[in-house]
Each structure stands twice: as structure tokens, then as C-alpha cells.
Amino acid sequence: MAFTGEVKSDFLKDVIIPISKRPSVINYAATDFLSLRDSLIEYIQAVYPLEYENFSESDLGVMLIELVAYMGSVFSLKADMLANENYIRTAKLRKNVKKLLELIGVRMKGPISAAANAQISWPWISQPWVSGDDTYTLTITPDARVITIASPEDGAQLSYTLYKVLPSGKVDLSNTNGNISLAHTESEGGSLSGVHENLVLLEGSLVSQGGGFTSTESSKVVSLTNSPVVEGSIDVFIDGDSDTSGVYTQVDHLYAASGEGDKIFQVSTDDDFKANVVFGDNVMGQSPSIGDTYFVTYRVGGGSRGNIRNGIINTSVAGTINEVAYVGDLTNISVGTGGANAETTGHAKRYAPLTFRRQDRLVTLPDFESFANSYVSPYGSVGKASVVTRSAFCSANILDVYILEKASDLQLRRATPQFKKAILEAMNEKKMLTDEIVIVDGLIRTIDLVLTVRIDKELKRQEPDIISLVRSTALDYFYVDNREFNQDFILQDLIRSIHEIDLVRFATIDNLDDDIRIEHNEIIQLNNLTINIVTI
């Protein structure tokens with residue numbers, strides 16, 4: 001056999017990696033599709049250099065490699081997402097944020113109802129009350145207190161519940177039967193005028209639920225049957241043992257109890273805002289006795305769709321005096337405001353750590369601000385709040401709390417006197433003795449905007465869609481939850497947001513030349529928005 005001059009070697013077989021050493025060539029840092037694909041190819045080249053050499057894109061082996069890389073990238077992303085959901089700062093899903101906050105005793109707020117002042121005119125008033133007998137009272141039963149109208153927003157059914165306002169300015173929420181009693185001496189302009197204005201309409205349909213306690217467990221629970229339960233609308237009355245009977249007050253957490261005899265309850269809700277009423281265990285709060293009966297009233301509904309204009313409600317309402325039925329005319333004599341959807345994850349993640357840090361007391365400015373921005377009263381919820389101390393040396397302990405109520409997702413309004421009184425009383429219960437709180441109306445700076453958006457002429461047919469996208473972006477920029485007191489309006493911030501729309505070539509604000517600077521007690525609100533389209 002003649003020598004050809006070619007030298008052959010089996011060196012490839014000599015570099016085959018043994019099984020015990022193969023984990024050393026695994027790239028554990030690979031997480032995305034491309035890095036996993038390249039790492040798999042490098043692993044095959046190192047471990048199977050003779051068995052597989054065809055790394056063409058059209059090869060079946062490469063297809064299998066890419067399928068494995070695909071599944072690896074999916075699992076890697078899933079693992080990252082699961083890790084992120086374990087921390088409040090990075091969690092995205094509402095249910096996970098809710099569970100994390102419950103670990104520190106903070107509960108995410110459910111839907112909040114709107115409130116409007118109401119008036120009832122009784123045209124027959126002189127007949128039953130003409131004698132001037134002060135013992136005559138008119139009774140409105142729970143069924144008659146619920147008013148249903150068509151929503152001006154979407155035309156769907158919208159319910160309101162009628163409540164009485166006490167002389168102290170508080171809403172009469174808790175009693176043993178859910179009735180409203182009106183005396184003729186409470187009439188406006190005279191005892192026989194036939195007009196009652198000591199009333200308020202709260203959005204949501206009233207539900208009554210009763211029963212008794214038979215469980216021997218120290219911590220008793222009442223499950224409410226209807227949902228979604230309006231935030232702050234649950235009222236509980238216990239009847240039975242002399243030590244446990246009476247009105248129970250809702251608290252954020254039973255740990256707020258100062259002793260075993262506190263008549264309080266805590267509310268827990270699921271993702272659909274179906275609620276459970278949880279009582280104390282005779283260590284943290286009073287536990288109802290076996291054999292006690294309960295009467296619970298609450299409302300279902302809530303949300304921003306309950307914010308209505310003045311005079312939208314015009315209907316009749318029935319009442320009785322000494323078992324004789326009468327009918328009056330009911331109307332809302334103020335706009336309905338304060339309605340809001342369930343607390344967003346963004347709001348919860350922002351204020352929940354501050355709520356946990358203040359530990360149910362108000363000491364620092366962040367304590368006051370977090371409390372005010374999360375406060376819910378029978379009259380709705382605050383839209384925005386800001387707290388400042390006065391500069392004068394002699395008034396260092398006087399805090400000015402600037403508040404505005406939320407009228408809609410884009411509009412704020414002056415808070416009602418009832419709401420101001422409610423939030424002031426709530427703050428006074430938790431503040432330091434040396435602090436003095438003053439509730440002040442915030443100022444709204446409204447602006448009009450004229451936007452000119454330039455697009456390619458080839459996109460002329462898509463002009464309505466582009467206008468819709470630009471309008472949505474601008475409205476989101478001025479969304480109530482995205483604006484704060486003392487937050488200046490920087491023109492380029494809005495322009496930058498509009499430029500992120502792929503179909504927009506260029507955009508300008510035509511009616512404003514400079515940024516708008518505002519004071520500490522002011523907040524900017526959009527009034528009118530005009531969008532012009534220019535093709536280039």
C-alpha cells in the first residue's frame with residue numbers, strides 16, 4: 001500500500017467529555033431563547049462532536065434544539081414572574097398584592113359608593129301632622145329606601161340607598177331594623193313645611209341579613225351573601241347578652257382593639273369583593289355570645305358610575321305614620337360624588353407601606369398624607385390630599401390638610417362639609433395631642449389644550465383611530481390618580497408620551513408656550529381637549 005502523504009488521527013475521540021465532567025460545560029446563566037439555543041449547540045458540539053455535526057437551520061436536530069430553548073425560555077420567564085410576585089414592589093397581579101398586604105395587616109379597599117344630598121317633599125304633610133303631636137314619626141322601611149334608576153353613564157341599572165343625617169352631621173347607619181324615622185319637627189322651614197332635607201343618598205343597593213350565633217369558636221364569622229360589597233357600608237347590630245349587645249364598629253384590623261371588650265369587627269374580602277365579618281376573640285375585641293342574634297346591613301355596588309349630576313333622581317318614596325301609608329317626592333339636590341372603583345394595585349403599593357409604618361397613629365407628615373389619601377367615609381372617598389405644616393414658629397404644630405373629592409376619573413371637586421367633618425374626626429382620634437388639624441379646600445387649576453399631531457399622508461384613512469389613541473394618551477396623563485398637588489405641568493412630558501404612539505410623526509401643544517408652575521395647594525386638571533391632525 002503506497003503512502004499518500006495524508007496523516008489521519010482519531011484526536012476527536014480523545015476530547016470526548018466524560019459523563020462526570022459534562023455538568024461543567026452547562027451554561028446555567030442562559031435564560032432567554034437565543035442564549036439557550038446557543039448554549040445547547042455549544043453543549044452538543046462539546047459532548048457529541050462525532051455523533052452530530054449538522055447545525056443547518058433546516059435540520060431536524062436544530063428544530064428540536066430550538067423547541068427545547070423555547071420551553072426553557074418560557075419556564076425561565078415563569079420563574080422570574082413567580083419570584084417577582086413575592087415582593088410588593090414588583091408584584092403585578094392584584095390577588096398577589098392583596099395577599100402580601102394582608103401579611104402586614106393592610107387590606108386593599110373595595111369599590112366605594114357615591115353620595116348626594118337628598119330631599120323629600122310630602123304634599124300631604126298637613127293631614128297626619130296638623131295636630132302638632134311630636135310623637136308622630138314617619139317610618140321608611142329598608143325596601144322603600146332603595147331607589148333604582150338607569151345610569152347616565154352606560155344605561156345599566158344603578159341603585160341608591162336613602163339614609164338619614166343626624167343633627168351632628170353623621171349618617172345614621174346602625175339600628176336594629178334598618179328603618180328611617182323622620183319627625184315633623186325636622187322639616188325644613190318649619191315643622192309643617194312638608195320638606196325634609198336631612199337625608200343623603202348613597203350609591204348601592206341595601207341588603208339586610210340576620211341570624212344567630214351557635215358556634216362555640218371564640219372568633220365568630222358572618223359571611224355576607226351578596227357582592228360586591230361597598231367599602232365602609234357594613235353596619236352590625238348585636239342583640240342578646242347585656243355585655244355583647246349593641247352597635248359594632250368596623251376597624252382595619254382587630255389588632256386595633258384596646259381590650260377584650262371593644263365592640264369591633266374586621267372585614268375580609270375575596271377577589272370578587274364578597275365579604276366576611278370577623279369578630280374578636282375576647283382577647284382582641286369582643287366576641288358575641290352563643291345565642292346572640294345579629295342584624296347586618298350593607299350595600300352592594302359602588303364604583304365611579306355612581307357619580308351623577310344634580311336632579312338626576314326624581315322618584316317617589318313611601319312611608320308610614322301609625323300604619324297609614326303616604327308617598328313623597330324624592331330628588332337629589334346635589335351632585336353625586338366620591339364614587340370610585342376598587343383600589344388599584346398602584347395606589348395600594350404606594351400607600352400601604354406608609355399605612356403599615358404609621359401603626360394606626362398620626363405623627364409625621366407622611367402619616368397624615370397616607371391616611372388622608374386612603375380614607376373612606378360614608379360620603380365617599382377623598383380624591384387627592386396634601387398635608388403641610390405652617391412656616392410660622394408659633395404655629396409649627398398646626399397642619400393644613402388640603403383635600404379634594406373625586407367627581408370622576410378626570411375631575412376633582414370641592415369636598416362637601418359632611419366629608420370634611422368626617423375626615424377631621426377620624427384624624428383627631430389618631431393624632432398627637434399637641435397637633436392641630438385644619439381641613440382646607442385644595443385649589444384646582446384647569447387648563448385647555450390644543451394639540452396638533454402630524455402623521456404620514458399614507459395614514460389618512462387611520463385618522464379617527466390616531467385621534468382616539470392621542471386622546472386616550474392625553475387623558476391618561478391627566479387621570480386623577482396620576483396627578484398630585486404641587487405637580488407642575490411640563491409640556492414635554494405630555495409630548496413625549498404622545499410620541500410613543502408609533503403612528504404619530506410629530507406633535508405640538510399650540511395654545512401653551514411655557515410649562516405651568518403651581519403652588520403646594522394646587523393641582524392641575526384638564527378642562528377641554530382639542531386634537532388637530534395634519535398630514536405630511
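A: Arg-107 counts as buried, at 16% relative accessibility; here buried means under 20% relative accessible area, exposed over 50%, and partly exposed in between, using a 1.4 Å probe and protein chains only. This is a predicted model, in which local features need pLDDT of at least 70 and side-chain atom pairs count only at pLDDT 80 or more, while totals for chains, interfaces and linings use all residues. Residues are numbered from 1 along each chain as its sequence is written, and side-chain values use heavy atoms, with hydrogens and water left out.

The partner of Arg-107 is Glu-231, and the closest N and O atoms of this salt bridge are 2.5 Å apart. The term salt bridge stands for a side-chain nitrogen of Lys or Arg within 4 Å of a carboxyl oxygen of Asp or Glu. Arg-107 lies in the loop between helix H4 (94-102) and strand E1 (115-121), and Glu-231 in the loop between strands E9 (221-223) and E10 (235-239), so the pair ties together parts that are 124 residues apart in sequence. Those helices (H or I, at least four residues) and strands (E, at least two) are DSSP runs, numbered from the N terminus. Glu-231 is buried too, with a relative accessible area of 10%.

For context, the structure holds 19 salt bridges. One of them joins Arg-37 and Glu-57 at 3.0 Å, N to O. There, Arg-37 is buried at 12% relative accessibility, whereas Glu-57 is exposed at 58%.
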